[in-house]
Structures are given as structure tokens and as C-alpha cells.
Amino acid sequence: MPAEEQIVAAPEVPAPSVRGQQRRVHRSPLADERRAEDGGVSAEFAAALPAVVLVLGLLLSLGMHAAAQVSLEGGARAAARELARGESESSAVEAAQRISGESVHVATTSEGEYARVTLTRPVRLLGLVEISAEQTAAAVARVEQPAHRPPSGRSAQGDRS
């Protein structure tokens, strides 16, 4: 035999009196159910918040990693330019560290008429936590040969007097 559905009457709750009369307010059973679930959204938000913060932190770290890679490549290019112009290795290291930061390791090699600069630095998450990975950038530039300069007092085209 199927169970019969029972109809429950909504309890009467006294409302504040209006001009000396007291009114009765009827609450539906659905209102009672909603009231029981009022804290549910807050609890779900509190449970999801750490995951949202973690994802935002990782996205921020990824952006910082990309910006650091761009500065590392800029430092490698600047150091290679210094070597290509015939400047000293210490001048190239200073240029690389000025652009890429003091924590960068600079390695220079000469390959025939080309100068190669390789920069490396450890990867840091959010700029704080160092992990066991490295960022690397390299640049190669052709070393300029010094132009032949005539002895002082003479022009390169010869005297036309």
C-alpha cells in the first residue's frame, strides 16, 4: 500500500503589531528548507578558495617567468654586442647583469669571428621559491674588425693638394 502524503500546516509566527493589532505570518515549508541551506554557499566558497588562490598564484608565476626570460634574452644580446664591438669580457658581463639582474651567470666563448654569450639563472616561483630548473638565453654576434686607420694627419682618400 502506497504511503500517503501528509500535508503539514505551516506554523504561525507572530509578526510585529501594526497599530495595535497583531498579525499572523505564515511561513512555507520551503522557507524553512532555504533557511537550513543558508550557510551552504559560504562553505562551498571557503572550500574552493584555496584552489582559486593556487591557480592565480601559478598564473602570476608564469607571467613573471616569461618577463624574466625576456630580460635574460635582452641581457645576452647586450653582452654579445659589447663583445662584437671589441669591448672587454668584464664590460660584457656588466652589461648582462645590468639588464638581467645580479643573479645571472654569464659565460662567453669565441667561435672564430663570432662571440657567443650564454646567460643562465635559477627559476623562482613568484620570485621567492627557487626550484631545480634554470632559465637560459644565448646570443651570437659577429666580432667587428677594427677599421684600418691611416696615420694621423692624412686622410683616407689621400692628399689632394
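**Figure 1. The largest nonpolar core of the predicted model.** In this predicted model, the largest nonpolar core comprises 16 residues, of which Val-106, Val-117 and Leu-119 touch the most other members. At least two residues of this core come from each of H2, helix H3 (89–100), strand S4 (114–125) and strand S5 (129–142). The greatest contribution to the core is that of H2, with six residues.

**Figure 2. The surroundings of Val-117.** With residues up to four places away in sequence left out of the count, Val-117 touches Ala-76, Ala-79, Ala-80, Leu-83, Val-106, Ala-107, Thr-108, Ala-137, Ala-138 and Ala-139.

Figure 3. Phe-45, Leu-49, Val-52, Val-53, Val-55, Leu-56, Leu-59 and Leu-62 together make a nonpolar surface patch of about 780 Å². Leu-56 is placed in helix H2, which spans residues 40–84. Leu-56 counts as exposed because its relative accessibility is 54%, and exposed residues are those over 50%.

Figure 4. Ser-61 is a residue of helix H2. Ser-61 has a relative accessible area of 6% and is therefore buried, the limit for burial being under 20%. Apart from neighbours within four places in sequence, the residues in contact with Ser-61 are Arg-124, Leu-125 and Leu-126. Leu-125 belongs to strand S4, which covers residues 114–125.

**Figure 5. The salt bridge between Arg-85 and Glu-82.** Two salt bridges are present in the structure, and this view shows the one in which the side chains of Arg-85 and Glu-82 meet, with an N to O distance of 2.8 Å. Side chains of opposite charge can pair when their charged atoms come close. The two partners fall into separate accessibility classes: Arg-85 is partly exposed, at a relative accessible area of 47%, whereas Glu-82 is buried, at 13%.

**Figure 6. The salt bridge between Glu-113 and Arg-142.** Glu-113 and Arg-142 form a salt bridge in which the closest N and O atoms are 3.0 Å apart. This pair links distant parts of the chain, since Glu-113 lies in the loop between S3 and S4 and Arg-142 in strand S5, 29 residues apart. Glu-113 is partly exposed, with 35% relative accessible area. Arg-142, at 53% relative accessibility, counts as exposed.

Figure 7. Glu-102 is located in the loop between H3 and strand S3 (105–111). Because its relative accessibility is 65%, Glu-102 counts as exposed. Glu-102 and Arg-121 are 19 residues apart along the chain, and their C-alpha atoms are separated by 9.6 Å.

**Figure 8. The protein chain as context for the close-up views.** The chain contains three helices and five strands, arranged along the sequence in the pattern β-β-α-α-α-β-β-β. Of its 161 residues, 20% count as buried. The accessible surface amounts to about 12600 Å², and carbon and sulfur atoms account for 56% of this area. Among contacts between residues at least 6 apart in sequence, 41% join residues at least 24 apart. The average pLDDT of the chain is 79, and 65% of the residues score at least 70. Among the elements, the highest mean pLDDT is that of H3, at 93, and the lowest is that of strand S1 (residues 12–14), at 60.

Definitions and conventions
Residues are numbered from 1 along each chain as its sequence is written. This is a predicted model: local features need pLDDT of at least 70, side-chain atom pairs count only at pLDDT 80 or more; totals for chains, interfaces and linings use all residues. Side-chain values use heavy atoms; hydrogens and water are left out. Patches are made of residues with over 30% relative accessible area and no salt bridge: like charges are joined within 9 Å, nonpolar side chains (Val, Leu, Ile, Met, Phe, Trp, Tyr) within 5 Å. Accessible areas come from the Shrake-Rupley method with a 1.4 Å probe; for residues, only the protein chains shown count as cover. A salt bridge is a side-chain nitrogen of Lys or Arg within 4 Å of a carboxyl oxygen of Asp or Glu. Helices (H or I, at least four residues) and strands (E, at least two) are DSSP runs, numbered from the N terminus. Buried means under 20% relative accessible area, exposed over 50%, partly exposed in between (1.4 Å probe, protein chains only). A nonpolar core is a set of buried Ala, Val, Leu, Ile, Met, Phe, Trp, Tyr and Cys residues joined through side-chain atoms within 4.5 Å. Contact means heavy atoms within 4.5 Å. pLDDT is the predictor's confidence in each residue, from 0 to 100.
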